[in-house]
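Subject: The structure I promised you

Hi,

Here is the structure I said I would pass on.

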Amino acid sequence: MAAEMTFTDLPSRLNRRWRQLAAALCFIFFGVGATLVGSVVIPIARLFVTGAERRQRVSRTVIRGGMRLFWRTMLILRLFDCDVRGAEHLDGERLLVVANHPTLIDAVLLLGLIRDAVVVAKPALAHNPVTGPAVGAAGYIVNAEGPALVAEAAQVLARGGRVLVFPESTRTAPGQPVRLQRGAANIAVRTGCRVVVVTIRVSNPMLYKGAAWHDMPLDLPRFDVDVRAPFEVGEIVAAHDSLALAARDLNDRLQELYDTEMAASGAA
């Protein structure tokens, strides 16, 4: 029986071995590519552009192209499948894009999809010698909390820009519920921007918090990404006596939405 099970499972095991090899190639590609983009491509591109804001936009455009190339490379190498629904909702102005964070490469996908996006990035990315130059050149929001986070996001949104935030602040382990912090809700109610909710589901966990890069599931993972239409927060703000209460209400609504969607998909 053991021999029969081994032979039956052989194609899946070979496929996983291939994905482990492909993951190694992709991470090498990402490291080399990020170093070249941050240290060579962006500085050269910025030589031909004047003005700090325009230079940041050029940097973000270059990064977006790199992210799209990296994501497509992973798809070609069959690291996973991916289906994105509602991507057209990411192309508006004054958008706060809120997404859950199940894997290491969620930001890669969304930065490749969202035009001129400013992401709220972890300090570790800014201090990393590979990603730091690109993070700084793009004008991403780094190490901001409370009023500082709202103020920096408000500047981007006032120019009609798009801010990407992962309100969990870190990846959620498989089987654990999404737990949102209130930073995104505070940005929304204090700026009056439109909110776009993105739900990312992964059929077989990979690159989750605590997982090694080579820890690939036996079956091919599938990313299902649903982008909801933008909604206004004016009615929520008007229903409360303070912005703090409005932010709490909005955060509770977002939390309920993620709880419902994850429970329906069996992701949490």
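Let me begin with contacts in the chain, where contact means heavy atoms within 4.5 Å. Among those between residues at least 6 apart in sequence, 76% join residues at least 24 apart.

Before you read on, two notes on how to take the numbers. This is a predicted model, in which local features need pLDDT of at least 70 and side-chain atom pairs count only at pLDDT 80 or more, while totals for chains, interfaces and linings use all residues. Residues are numbered from 1 along each chain as its sequence is written, and side-chain values use heavy atoms, with hydrogens and water left out.

The whole chain

The secondary structure comes to 9 helices and 7 strands; these are DSSP runs numbered from the N terminus, with helices being H or I of at least four residues and strands E of at least two. The chain has a radius of gyration of 20 Å, close to the 18 Å that the globule rule gives for 268 residues, so it is as compact as a globular protein of that length. (That radius is taken over C-alpha atoms, and the rule is 2.2 Å times the number of residues to the power 0.38.) Along the principal axes, the C-alpha atoms fill a box of roughly 70 × 45 × 30 Å.

Of the 268 residues, 41% are buried. Here buried means under 20% relative accessible area, exposed means over 50%, and partly exposed is in between, with a 1.4 Å probe and protein chains only. The chain exposes about 13400 Å², and carbon and sulfur atoms supply 58% of that. The areas come from the Shrake-Rupley method with a 1.4 Å probe; for residues, only the protein chains shown count as cover.

Helix α6 and what covers it

Helix α6 takes in residues 147-158, which is 12 residues, and reaches 16 Å from its first C-alpha to its last, close to the 16 Å expected at 1.5 Å a residue. (The expected span is 1.5 Å times one less than the number of residues.) Which residues of α6 are buried? They are Leu149, Val150, Ala153, Val156 and Leu157. These cover an arc of only 125° around the axis, which puts them on the same side of α6; the arc is that of the directions from the helix axis to the C-beta atoms. As background, an α-helix has 3.6 residues a turn, so residues three or four places apart point the same way. Pro147 and Ala158, on the other side of α6, are exposed.

The cover over the buried residues of α6 includes β2 (95-99), β3 (117-121), β4 (141-142), β5 (162-165) and α7 (183-191). Helix α7 has its own buried residues: Ala184, Ala185, Ile187, Ala188, Val189 and Thr191.

Two residues of helix α2

Ser59 lies in α2 (residues 52-76), and counts as buried at 0% relative accessibility. Its side chain makes a polar contact with the side chain of Arg46 at 3.3 Å. (A polar contact is a pair of N or O atoms within 3.5 Å; within protein, one must be able to donate a hydrogen and the other to accept it, and residues adjacent in sequence count only if both atoms are side-chain atoms.) A polar atom of the Ser59 side chain also lies 3.4 Å from the backbone oxygen of Ala137.

Leaving aside neighbours within four places in sequence, Phe70 is in contact with Cys26, Phe29, Phe30 and Val108. Phe70 and Phe29 are 41 residues apart along the chain, and their C-alpha atoms are separated by 8.1 Å.

Some loop residues

Most residues other than glycine have a negative phi. Asp116 is not a glycine, yet has a positive phi of about 55°. You will find Asp116 in the loop between α3 (106-113) and β3. Leu207 is not a glycine either, and has a positive phi of about 50°; its place is in the loop between β6 (194-202) and β7 (222-227). Leu207 counts as buried, at 5% relative accessibility.

Asp219 also lies in the loop between β6 and β7, but counts as partly exposed at 44% relative accessibility.

Cheers

Notes
The expected span of a helix is 1.5 Å times one less than its number of residues.
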